[in-house]
Amino acid sequence: MRPGDAVTDRAGAFLGTVEEVDADTATVAAPDGMRDIPIADVRVAGGVTDAPQPPPAATRLERVPASDLREGDMIVMDDGINGVTPVTVTQKEQVSDNHLRIIATDATGRELTVNGSPAAVYTRIVDENGAAPTNDTSSTRDTGELISHEPPPAVSPVVGPTVTPQLAPEERDSVDSLGEAPLDNPDTQQGAARVAADLPLTPDQATSLADTLREHADPATPEGRAAQRAADRLDAAAGQTPEAVTTSQPGTIGAVGVGDHITLPDEFDPDKVTSYKVIAIAEQPHGMRYMTLEDGDGMRNRRTLAAADPLWQVPDPDRPTPDPDEEQRDPNPAPDPDRITSDYRDSVVRAVIDAALEGTAEPGSIHKLRQDIAERLTPQALTQSMKRAREDAKQAIDDAGITGDERAALLRSLRPEAARARQDAIKAALRTLNDMEPLDGESEQDTARRAADLLRLIPAALRDQHSQTDNDTDTNPDVDAAVTTHVDNAIGNALGEAANGQPLTEERRAQIVAQLAEQMAENRDETARRIAATLPPGQRAGVLPHIIAALVFIARKIAAIVAAFLRGLARAWRGSREALRKLKEKIAQFRRRLADRVRSWPENRRLRRLAANTLPQPPADADLADRLAHWTRLLPAPGRFGQVSRRARRYLPARRATLEAGQLPEIQDGLRWIPDRAADRGPGREALRHLAALRAAGADVDGDLTTRLAAVLPELGTDPHHSVRDAMDYAAVAERRLRDLTAATAAGADTDGELEAARVEALGARRDAARLRDLYAAALPGAVRDVLAQVREMGPGGASALVVTDDSDRDAARILTDIQQYVPRDWLTPASSRMITARSGQAGGYEAHSRTATIADLDDNGQATALHALVTHLQRGNPDVRAAQEMYHFTRTHRGRVGARRSAIDTLLARLFRDQASTGNSDALVAQGVATMFSGEWYLSDDLRAFLLGLLATR
């Protein structure tokens with residue numbers, strides 16, 4: 001902690017800025033004056049600095065042909081995966097009359113190569129003098145503002161009718177910001193708290209909150225306009241009619257925010273303007289903004305615009321109305337023990353990281369830094385902070401009104417949860433410091449600050465890691481509760497017999513396991529009916545056999561695990577009273593952990609998907625073609641994927657003079673096909689049904705693919721996908737164990753013999769995993785092609801084939817022509833998708849304007865980059881592919897209730913998109929996902945594989 005730091009209390013409430021630090025006390029400039037506060041009671045939230053000067057803005061962006069580019073020009077380039085970035089042209093090579101190669105570097109020095117025609121059009125960035133702007137590596141604009149976060153008020157129960165306003169994410173943010181400020185009106189305060197908790201409001205709370213939002217909103221700012229829109233939607237939900245806005249306002253690109261409606265001039269006719277809704281904004285260097293815009297038909301496109309570009313802002317043409325399909329929700333839900341446990345886990349992690357941050361207070365060598373942090377992470381050093389976290393959890397349980405046996409069980413579950421969270425946080429902190437080395441020329445103070453910044457990232461990373469499962473995008477608390485109760489009751493009764501003081505002979509162990517299996521069999525049908533009750537009545541009979549089958553698999557695994565556990569107890573059995581006490585503790589701990597682990601088992605995930613699947617199922621004995629036909633009947637006509645026929649309003653194209661006069665464009669009101677999107681801008685309920693049918697079709701195709709792979713790869717067992725995944729997971733675990741033992745040895749522990757064994761184990765695990773993955777990658781593409789060929793025509797045929805231009809590179813053309821066999825013939829049919837140019841290069845890519853695919857050999861004969869470029873090319877003429885990948889990307893990267901989903905990191909997509917913190921550009925998801933079958937990465941996610949196979953099989 002240093003002077004100038006902004007600090008909060010341990011609950012996150014802002015206290016003030018640090019004026020002075022004296023030993024273990026900080027003098028904080030708080031709103032009510034100077035206060036001396038113990039350092040142990042506060043957390044550093046950040047520093048207060050002068051606002052940075054904005055980067056030099058681009059005066060304009062101009063569209064020029066590639067032939068007009070010069071060395072030193074700055075252009076906007078799209079790498080096809082993570083969006084656009086400004087690059088500087090370093091070389092231009094005229095390979096032939098129709099082939100121009102451009103080499104450029106970005107701000108980090110990374111070199112990019114693009115092959116295209118001289119007529120290909122690029123966006124050039126120029127300053128006020130018509131030259132390239134000076135170098136600027138910033139990508140975001142930091143206002144330097146310090147935001148105070150007050151603790152939100154507790155949500156009070158309500159009586160009477162309630163409403164659910166349809167709020168967009170930025171509108172929810174405006175309510176959240178209002179809720180952090182002290183409010184006098186109880187209805188406003190409770191309304192803000194209920195929006196933050198995603199709970200229904202009373203009409204009085206909605207109207208009171210709307211009035212307060214309008215009172216505080218500044219229409220000159222994006223946040224203020226979002227607050228005004230939120231107020232309109234709150235009024236509409238409460239049955240009020242918001243006041244209409246009837247004029248347009250001039251502005252600039254740099255002044256707009258997400259959710260604003262704007263009009264932009266046509267690229268070829270500046271006097272013609274078209275209206276768009278701003279969906280997303282990514283700040284770029286030199287005052288540029290990479291914007292996702294949605295037109296009146298709901299179609300989205302991305303454009304790079306200069307912040308100084310003029311525009312007109314117009315109101316939303318659609319009047320806010322309640323969602324007629326919105327389900328009634330309980331405004332006073334029962335307390336959620338899982339939420340309390342999750343919050344407790346977070347508080348334990350934060351306490352560990354707070355202690356680690358104290359170790360960065362006194363700068364020194366990297367060795368001293370590591371030692372200081374390690375000393376603060378011992379059990380003795382963490383005793384008080386762990387005690388505070390547990391007391392806070394107890395208070396949360398009391399506040400939630402949880403009593404009796406449920407309270408006792410929840411309190412018992414907190415101890416192992418705290419132990420896991422503490423261990424994870426300590427490991428993450430120590431690994432972070434062990435991997436860190438001082439940079440050249442870096443002072444000890446800067447090294448300590450950098451270490452502190454890295455440590456502050458750990459709580460969010462562990463939270464995302466705990467809540468994210470690559471192959472589990474569906475959640476169902478009812479299924480989890482049913483399975484956990486089914487397993488826990490049977491284990492409790494069976495293991496109770498193991499703790500009665502009698503020796504655990506082989507015969508007695510067999511009796512206990514038999515009793516366990518018998519009880520699970522007795523309760524199986526009741527548990528299955530409880531899970532099936534979440535489905536519509538007409539679908540329960542068809543799904544019930546699948547539920548029972550999954551429960552049978554769970555019972556077999558439970559029996560095997562319990563039998564192994566009893567064998568271990570038998571070897572260590574002693575008849576003394578103290579031994580029996582420890583035995584009972586071991587049994588109780590084993591029971592809790594096993595019941596907790598069952599939730600993450602594949603069988604339980606399948607049960608959750610079955611319970612979430614409200615689609616009618618095909619006959620169990622149907623072959624693949626009949627099953628695909630069943631799912632296809634549930635899908636819309638070509639070109640209508642994710643769309644609904646709905647009455648909607650939109651602005652028609654207008655003339656510039658209309659807006660200059662302050663008038664609005666003409667509005668068209670009527671029934672038309674539009675993408676089905678909820679208030680959170682993700683897929684709505686009908687679109688999700690389309691996506692569910694597509695995934696179900698893909699799951700059936702995947703079942704046939706698994707059988708085919710198992711036949712040609714007997715070494716990988718009956719499920720090659722899971723076999724490769726298990727091998728890779730085991731290799732990762734062995735590597736982590738080796739790193740832990742290496743660190744322990746470096747710290748002085750006596751682990752030499754065990755360390756050598758760990759090296760041998762990790763080496764063998766790596767070798768076996770790599771061999772199995774290579775076998776899998778070699779067999780996968782052909783198997784995918786063959787199984788898809790059973791249900792639709794694949795590859796070129798007749799006029800449905802690529803036409804590679806004559807000036808293409810011979811080898812690249814051959815690879816691109818051959819790779820057609822892996823895409824559906826229908827995708828090759830549109831005339832607009834046939835013509836393409838093939839070039840060889842060091843890195844793969846696709847240049848849209850000249851339709852040039854660059855093929856690079858990544859030790860796979862160029863197949864992966866060829867398929868990536870081909871799918872990128874073909875999806876431009878296939879609206880269903882574009883719609884499906886947008887919807888799937890949203891469901892993978894967002895969590896929550898439909899209409900109120902929030903973004904979340906998806907670890908699988910982050911890995912596919914070059915391990916970026918973001919999850920990439922959704923436009924590249926299908927191309928990137930399909931291409932990875934040549935690198936053998938399809939084992940990573942059952943869900944992504946089912947989506948891709950469903951798309952290839954049905955659209």
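Which side chain does R420 meet in a salt bridge? The views below come from a predicted model.

**View 1. R420 pairs with E417 inside helix α8.** The side chains of R420 and E417 form a salt bridge, with N and O 3.0 Å apart. Both residues sit in helix α8, which covers residues 404-435. They are three residues apart, so about one helical turn separates them. R420 is partly exposed, at 31% relative accessibility. E417 is buried, at 9%.

**View 2. R225 and D260 form a buried salt bridge.** Side chains of opposite charge can pair when their charged atoms come close. Here the N to O distance is 2.7 Å. R225 belongs to helix α4. D260 lies in the loop between β12 (249-252) and β13 (261-265). The two residues are 35 apart in the chain, and the pair links distant parts of it. R225 is buried, and D260 is buried too.

**View 3. Salt bridges with shared partners build a network.** One network joins E170, E171, R225, R229, R233, D260, D316 and R681. In the model as a whole, the count of salt bridges comes to 56.

**View 4. R902 reaches D176 across the chain.** The closest N and O atoms of this salt bridge are 3.5 Å apart. R902 is in strand β26 (residues 902-903). D176 is in helix α1 (residues 169-179). The partners are 726 residues apart, so this pair too links distant parts of the chain. R902 is partly exposed, with a relative accessible area of 32%. D176 is also partly exposed, at 25%.

**View 5. Helices α3 and α4 pack against each other.** Two packed helices are described by the angle between their axes and the distance between the axes. Helix α3 spans residues 203-216, and helix α4 spans residues 222-237. Their axes come within 8 Å and cross at roughly 160 degrees. Angles over 145 degrees count as roughly antiparallel, so α3 is roughly antiparallel to α4. The crossing is left-handed. From α3, the contact uses A206, T207, L209, A210, L213 and R214. From α4, it uses A227, A230, A231, D232, L234 and D235. Eight of these contact residues are nonpolar, one is polar and three are charged.

Definitions and conventions
Residues are numbered from 1 along each chain as its sequence is written. This is a predicted model: local features need pLDDT of at least 70, side-chain atom pairs count only at pLDDT 80 or more; totals for chains, interfaces and linings use all residues. Side-chain values use heavy atoms; hydrogens and water are left out. Axes are lines fitted to C-alpha atoms, for helices over the stretch in contact, and angles run from 0 to 180 degrees between N-to-C directions. Helices (H or I, at least four residues) and strands (E, at least two) are DSSP runs, numbered from the N terminus. Angles under 35 degrees count as roughly parallel, over 145 as roughly antiparallel, 65 to 115 as roughly perpendicular and the rest as oblique. A crossing is left-handed if the near helix is turned anticlockwise from the far one by less than a right angle, and right-handed if clockwise. Contact means heavy atoms within 4.5 Å. Ala, Val, Leu, Ile, Met, Phe, Trp, Tyr, Cys and Pro count as nonpolar, Asp, Glu, Lys and Arg as charged, and the others, Gly among them, as polar. A salt bridge is a side-chain nitrogen of Lys or Arg within 4 Å of a carboxyl oxygen of Asp or Glu. Buried means under 20% relative accessible area, exposed over 50%, partly exposed in between (1.4 Å probe, protein chains only).
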